[in-house]
Amino acid sequence: MAAAAEPESEPEPGPGKKRRIRGMLKLYYGLNEGSREPLDPADIDGAHFQPEFYLNKLRKECTLAELMESEAEMVKHIRALDSDMQTLVYENYNKFISATDTIRKMKNDFKKMEDEMDCLATNMAAITEFSARISHTLQDQHQQITKLSGLCCRCLLSKKKPRLKSLWHTPPPPSPILCSVLFVEQLGGGCSACWIPKSASCCLHPIPVNSAVWMFVQFPFASCETAHAALLKAAGLCAMALSVLQTRHFLSVCCVSGCRDTGSSAKELAECVELLLQLGEPADELCDEFLAHARSRLEEDLSALEVELGQPGPLPGVAAPLSDILEFTDKGCNGFVSDTCLVIASYQDLFVHRPAAGGLASPDVAQMAGAKLVEFVDQLMDRYFGLVERRIRAEKGVGDSSLLVRGLDRFHRRLQAVVKLLPDLQAATAGTEIVVRAAQERLRQYLQALQSFYADCLTDVRQSLAAPRLLGKDGANLAELLASVSASILNQVKSVLAYVHLFTAKDVTFSSKAYFKGEFCSQGVREGLIVNFIKYMCHTARQFCETAGEKGATPPGLLLLLSRLCLDYETSTISYILTLTDEQFLGQDHSPVTLVTVLCADAREAAQKLLNHYVKVQGLNVSQMLRKSVETRDWLNTIEPRNVRAVMKRVVEDITSIDVQVGLLYEEGVRKAHSSDSSKRTFSVYSSSRQQARYAPSYTPSAPMDTNLLSNIQKLFSERIDIFSPVEFNKVSVLTGIIKISLKTFLECVRLRSFGRYGLQQIQVDCQYLQLYLWRFVSDENLVHFLLDEIVASTAHRCLDPVTMEQSVIEVICERG
């Protein structure tokens, strides 16, 4: 027994077999522990990849050209992986949203099913109760009913009249309604063939097949009363009487009334129409009756959607909030569109396909019926499309457009079912046009949202610049505001592109249309949204240059910020945004688009105008102080100067503040080399272009014409100064333009006044003070020297007693000031 049991146990595998199995598993999973070869740390796809080792190896083994090729190839792989990951994220996001909607819908369906099951249980309980009551009521007559039901109808008819056996061999009628007519036809054939005796009073004669009159059968009570009663008992028709027979016309009236009955189901309606076609009723009238019945059902669905759009709110005169676009689309698709598909299918089975196949009508009937159906569906679809467009126009949100895209996708997808059933419909192109118009409207809304966001950013900048703060902090805040505004606008543009990109997702049915593959990408998104927004930014920026320096004008800080913003857009931002747009919306449309160079030129022009206007505004602000200081002083009766006027100190402070402000947004610029005595230059009553030692002895009050003539002759050979010349994009050029406008205004105001001795000396002191500080801000110090010389010379020409102050005294006053 022991020997017999030994073969049943399986032998244990030996150590060699175990090692072989383990080696195969390691080979399958890539675990080559047995191999003595070390893993390659330079394998970029391996698990033991070491970046430092890989880079050192490349630097040692590869040339510069090979390194650049490796870098380009790696960048290409990185971009491809980034694009794949982005696509995967979008697809998973859409699938997640779909799964969430499905789960929510399942919850609603299960709740509805639970309610229906509770209602069914209640009805079953009521049926059980009624059944018990009926059984209790008929308990006494149960035996009699059992006895009567046990009678054999075939035997009964054989006993009464052998002729009636033929009734059992006739085919069953197509409907219980025709039972009486077929019964008469089976018994028809003349009184001689009738089973009623000749001697009985009988008015039964052969009934024509197409008879449309009322026929009454009078059965003889003496001869056939017993047979008639037995026939009724055998058939189980205890409550019916065969005293009145209706013809096919009467049957037609009954079926037509059934067509008009809105409570009849589609199956019952189809049965009625089928019977009417078999009875030879006109097909066109039946088509109209069928469509009239279907119209009432479909108009109920449309009315429900209208109520959804215009539902009243809880308060009088206040509309309730609309359901979201996806819920509205589901109601329309599950209600109106589904019922329309059922109507089309039933109608085609009855009037288009069935008559032609069965030979019940001519081939023209199918064409006529199809034309009626197309016209009927187009009318209702037009009304449905109007409701859908009303709901789409009510979608004013400018955030995430996923709900709108999914609603349009569901609308377009369900519409294709209608088009497949009825290809001749205009609904195919009309539905696509609705989706296209919705996408175009969405692009317009996003453009308006970007424009509004840009305007809000500028308003915030205005409020930040107008808020009270300590002196000197507005420049630092201006740099922070520029960075914040630039980043906010760029992030908003990226968000809008992400929202719009949902219209071209792969899982959206209408994205395969030619419009969304071509024109939507190039003309809609690129030109209509991004390019128009950039043009709007430039146009809005240029509008700030149209305001003058009156109260409520644009703050100078905003002008400077916008000029730098437009310059940054010209330098890099426009190219970046358009490249990003072209990568996300790679369209197949070859329509002409706006070139990047055109937009960059527009942005640079706006930046130039803003900077020129900034220089003009700041120059006019400084000039206003100088003009008032000259016009409000009595220069003939002024006292001997002992200090620098306060307005000159204020001018220097403002110029210094402007220098700090501009320096935070623009580079320094290029200056000419300064002379060693720039801060120690002196001024005379003559122009700086003339040599003081040569002409001073000849100047006397009795010979003013000679000095004026010499000054005018020298101006012909001096370099002309363009006060309002275009400004370069650097700090030195901006400050030079502001100082030129200020000093030119000072010069013109001096030419309109008359001066006394001390008035001339005060101007000398003021100009010396300005020269001590202003030469540092301009590109060429000679410009400041020339204008200040002209101011002093013009003052001397208009002085009644031109006696100048000693230079040493002027320097002491300026140092003390």
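Reader: Why is Glu-667 called partly exposed?

Author: Glu-667 has a relative accessible area of 47%. With a 1.4 Å probe and protein chains only, buried means under 20%, exposed over 50%, and partly exposed in between. The value of 47% therefore makes Glu-667 partly exposed. The model is predicted, so local features need pLDDT of at least 70 and side-chain atom pairs pLDDT 80 or more, while totals for chains, interfaces and linings use all residues. Residues are numbered from 1 along each chain as its sequence is written, and side-chain values use heavy atoms, without hydrogens and water.

Reader: Where is Glu-667 found, and what separates its C-alpha atom from that of Val-732?

Author: Glu-667 is in the loop between α21 and α22 (692-695); helices are DSSP runs of H or I with at least four residues, strands are runs of E with at least two, and both are numbered from the N terminus. Glu-667 and Val-732 are 65 residues apart along the chain, yet 8.5 Å separates their C-alpha atoms.

Reader: Why is Gln-445 called buried?

Author: Its relative accessible area is 8%, and Gln-445 therefore counts as buried. Gln-445 lies in helix α15 (residues 427-466).

Reader: What makes Arg-645 buried, and which backbone oxygen lies 3.2 Å from its side chain?

Author: Arg-645 has a relative accessible area of 9%, and is therefore buried. Arg-645 lies in the loop between α20 (596-631) and α21 (646-663). The backbone oxygen of Ser-629 lies 3.2 Å from a polar atom of the Arg-645 side chain.

Reader: How many aromatic pairs does a search of the whole structure find?

Author: The search finds 19 aromatic pairs. Rings of Phe, Tyr and Trp (its six-membered ring) pair if their centres lie within 6.5 Å; planes under 30 degrees apart are stacked, over 60 edge-to-face, and the rest tilted.

Reader: Which residues form one aromatic cluster?

Author: Phe-503, Phe-510, Tyr-515, Phe-516 and Phe-520 form one aromatic cluster.

Reader: How do you know that Arg-564 lies over the face of Tyr-666?

Author: Arg-564 is 5.2 Å from the centre of the Tyr-666 ring. A charge sits over a ring if NZ of Lys or CZ of Arg is within 6 Å of the ring centre and within 35 degrees of the ring normal. Arg-633 likewise lies over the face of Trp-635, at 5.4 Å from the ring centre.

Reader: Which helix gives the largest share of the lining of the largest pocket?

Author: The largest share, eight residues, comes from α4. Ser-83, Thr-87, His-501, Glu-583 and Gln-584 lie nearest the centre of this pocket, among 23 lining residues.

How values were computed: 1 Å grid on protein atoms, 1.4 Å probe; cavity = no way out; pocket = protein on both sides within 12 Å on 5 of 7 lines; lining within 4 Å. Polar contact = N/O pair within 3.5 Å; in protein donor to acceptor, adjacent residues only side chain to side chain.
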